[in-house]
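Q: I have a model open and would like to learn how to read it. Could you take me through it feature by feature?

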Amino acid sequence: MSARIPGRATAEGTARRRALLERALAPGAYREAPGGLALSSIGLGTYLGDADEATDARFLEAITAALRAGINVLDTAINYRHQRSERAVGRALSKVVASGEARREEIFVATKGGFVAFDGAVPRDPSRWFDETFVASGVLVPDELVAGCHAMTPRFLEDQLGRSLSNLGLETVDAYFLHNPETELAEVGRVEFRNRLRRAFERLEQEASRGRIGSYGLATWKGFRVGPSAREHLSLCEAVELAREVAGDRHRFRFLQLPLNLAMPEAVASPTQPPRATASALAAEGDGHPLVPVLALAEELGLAVLASASILQGRLARGLPSAIASAIPDLASDAQRALQFARSAPGLTTALVGMSRVEHVRENAALLGIPPLGPEAFRGIVEKLG
């Protein structure tokens, strides 16, 4: 890839992007995020797809179409399609910026690190590849690898961020997520996990100071959807407290990513988090503290939330129950209804959906011209799901 694109998403740039498309946008199409950023309520995800050139080409077309349609949030991860998704995002960004169709400061780009990622394809001898790539270089020692696939040591994160920036062709990524950190809770105790998370935050604050990331966050699968008694449970208040310990009130821990969809409504429906826990209360978490859903707590703490799996990797794109379909009328498909539910969650910033085909981009981006569901209508659907 050619020279990296400088800059990052800014309040002025993202507001300009919204203004350019304002005539086609309905209220709620864009939401405010930390730093005054204006982010589209629908974002393009890059998780699914074969690790081949045909899928690369489709993603390039889809990302370009999404940016033209008003979507300015792109989400990826180094392990998606063995680094090929990041590279597809990078090629699309290079294309639209070079052509003048969009400016870097108008586009919010997020990626993730934590899972060991192959380079383009599964190597013939994965163990040898791992030793040569990470152990021989001193990036990891074998004991730092958890569950055979995950690490979040400072050296590993530094290495992975560097690779991601190279893949993306960027000088700065707007949000860098620790990817499913609850994976480590299967093998280490809570005290050690907290130490590891603190060291990871220290590294990410350093990377923000270096200008390689704008902010950081946690991208989880189960961690915030389960209660304090579950092994995979993560405490949002504890994470924010750690960030404050590391960097004070000016810390850059500003984003969350977690699943939210018609089949997995826990982020809005399940009380899993103690509200506004203090450091002294964390040890007794869940004991005597009323619990609240994580999305409500994130909003109270001033964090932006990106919903992953908004249509559950396509499984909610058809065959929705009639009660749900009738509660979200006047849309063209069940895929739109499922996405409309996710993007309508109070306190949510962006609902991510995988889009590797231009026709899917057009279908999903059409919702930017339709207001999200009101709070009462949304709550009614949540009650039906219960």
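Q: Which residues does leucine 256 touch, not counting residues up to four places away in sequence?
A: Contact means heavy atoms within 4.5 Å. By that rule leucine 256 touches Phe177, Leu218, Phe224, Leu236, Val294, Ala298, Leu303, Ala304, Val305 and Leu306, with residues up to four places away in sequence not counted. Keep in mind that this is a predicted model, where local features need pLDDT of at least 70, side-chain atom pairs count only at pLDDT 80 or more, and totals for chains, interfaces and linings use all residues. Residues are numbered from 1 along each chain as its sequence is written, and side-chain values use heavy atoms, with hydrogens and water left out.

Q: Which residues touch the most other members of the largest nonpolar core?
A: A nonpolar core is a set of buried Ala, Val, Leu, Ile, Met, Phe, Trp, Tyr and Cys residues joined through side-chain atoms within 4.5 Å. Buried means under 20% relative accessible area, exposed over 50%, and partly exposed in between, using a 1.4 Å probe and protein chains only. Here the largest core has 92 residues, and Leu178, Phe201, Leu218, Leu236, Phe253 and Leu256 touch the most other members. Another core lies apart from it, with 14 residues, among them Ala9, Ala33, Leu39 and Ala175.

Q: How many aromatic pairs does the structure hold?
A: Rings of Phe, Tyr and Trp (its six-membered ring) pair if their centres lie within 6.5 Å; planes under 30 degrees apart count as stacked, over 60 as edge-to-face and the rest as tilted. The structure holds ten such pairs. Take tyrosine 216 and phenylalanine 253: their ring centres are 5.8 Å apart and the planes sit at 25 degrees, so the pair is stacked. It links distant parts of the chain, 37 residues apart, with tyrosine 216 in strand β7 (residues 213-219) and phenylalanine 253 in strand β8 (residues 253-259). Tyrosine 216 is buried at a relative accessible area of 0%, and phenylalanine 253 counts as buried at 0% too. Elsewhere, ring pairs link Phe118, Trp129, Phe130, Phe134 and Phe156 into a cluster.

Q: What about helices: which residues of α2 are buried?
A: Helices (H or I, at least four residues) and strands (E, at least two) are DSSP runs, numbered from the N terminus. The chain has 13 helices and ten strands. In α2, the buried residues are Thr55, Asp56, Phe59, Ala62, Ile63, Thr64, Ala65, Ala66 and Leu67. They pack against α1 (11-20), β3 (42-45), β4 (73-75), α3 (84-99) and α12 (358-365). After α2 comes glycine 70, with a positive phi near 110 degrees.

Q: Where is serine 356 found, and is it buried or exposed?
A: Serine 356 is in the loop between β10 (350-354) and α12. With a relative accessible area of 18%, serine 356 is buried. Leaving aside neighbours within four places in sequence, serine 356 is in contact with Arg58, Phe59 and Ala62.

Q: And glutamate 207, buried or exposed?
A: Glutamate 207 is buried, at 1% relative accessible area. This residue belongs to helix α6 (residues 190-210). Not counting residues up to four places away in sequence, glutamate 207 touches Glu158, Leu161, Arg212 and Ile213.
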